[in-house]
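Below is a short report on one chain.

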Amino acid sequence: ASGAALFLKSLPMVYALQMGLLWEVVLGIPLGYGMVASILLVGLYSLGGGLRAVVLTDALQFLLMFAGVIALVVCAYLQLGPIGEFVGRIPASFFQPCGGQSWGTVLLWLLIACTSTFLSPTLYERCLAARSERTARWGILLCIPCWMLFDACILIGALYARALIPEAPGAQAYLI
């Protein structure tokens with residue numbers, strides 16, 4: 001029972017949701033089925049290739065994610081101009097401390113982010129699998145600016161999406 005609970009805790013649900021949304025928008029597969037397919041796919045390649053498969057696919061995902069969000073921001077900027085020109089099209093609530101959401105919603109997403117990062121068994125598994133304590137420490141320190149850059153690109157891309165496609169559903173606007 002504890003193994004099953006640990007397995008469920010180690011599933012990156014936010015990423016499963018993102019993949020489910022991607023499958024839904026791009027392929028028309030319902031969200032739930034896309035999430036299950038994503039989890040099964042990760043489980044299969046992890047079982048088949050072990051830690052090496054996880055590390056290789058994580059590196060590939062890192063490259064694709066960064067290339068995608070950076071390309072989106074650069075292309076949006078080059079084709080549409082600075083986001084400052086579109087601020088008037090973005091609801092004022094987006095610039096409030098909670099972005100128009102309740103404090104409960106913001107705290108829930110903070111809890112999800114913190115548990116996904118700091119309480120995730122996968123973080124400790126990867127740190128313990130590092131060749132040395134120094135390697136693990138440098139890996140974590142290098143991740144922080146990467147997370148900051150990635151989150152900034154996501155935020156800027158989402159603002160472009162909201163400004164240019166205001167009728168798009170909130171969860172799908174970025175993908176559209």
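Leaving aside neighbours within four places in sequence, cysteine 153 is in contact (heavy atoms within 4.5 Å) with Val69, Ile70, Val73 and Tyr174. Cysteine 153 lies in helix 6. Helices are DSSP runs of H or I with at least four residues, strands are runs of E with at least two, and both are numbered from the N terminus. Cysteine 153 counts as buried because its relative accessibility is 8%. Buried means under 20% relative accessible area, exposed over 50%, and partly exposed in between, with a 1.4 Å probe and protein chains only.

This is a predicted model: local features need pLDDT of at least 70, side-chain atom pairs count only at pLDDT 80 or more, and totals for chains, interfaces and linings use all residues. Residues are numbered from 1 along each chain as its sequence is written, and side-chain values use heavy atoms, with hydrogens and water left out.

Methionine 13 belongs to helix 2. It counts as partly exposed because its relative accessibility is 41%. Two residue pairs are listed here with their C-alpha to C-alpha distances.

| Pair | Apart in sequence | Apart in space |
|---|---|---|
| Cysteine 153 and methionine 35 | 118 residues | 24 Å |
| Methionine 13 and isoleucine 112 | 99 residues | 8.9 Å |

Now helix 3. It covers residues 31-80, 50 residues in total. Its end C-alpha atoms are only 31 Å apart, whereas a straight helix would reach 74 Å at 1.5 Å a residue. That expected span is 1.5 Å times one less than the number of residues. Where does helix 3 bend by about 125°? The bend is at glycine 49. The angle is taken between axes fitted to the seven residues ending there and the seven starting there.

Buried residues of helix 3 include Gly34, Met35, Ser38, Val69 and Val73. The buried residues of this helix pack against helix 2 (13-27), helix 5 (121-129) and helix 6 (133-164). Glycine 81 follows helix 3, with a positive phi near 95°.

On to the whole chain. It has six helices and zero strands. Its C-alpha atoms fill a box of roughly 50 × 40 × 35 Å along the principal axes. Of its 176 residues, 18% count as buried. Among contacts with a separation of 6 or more, 60% come from residues 24 or more positions apart. The chain exposes about 12300 Å², and carbon and sulfur atoms supply 73% of that area. Areas come from the Shrake-Rupley method with a 1.4 Å probe; for residues, only the protein chains shown count as cover.
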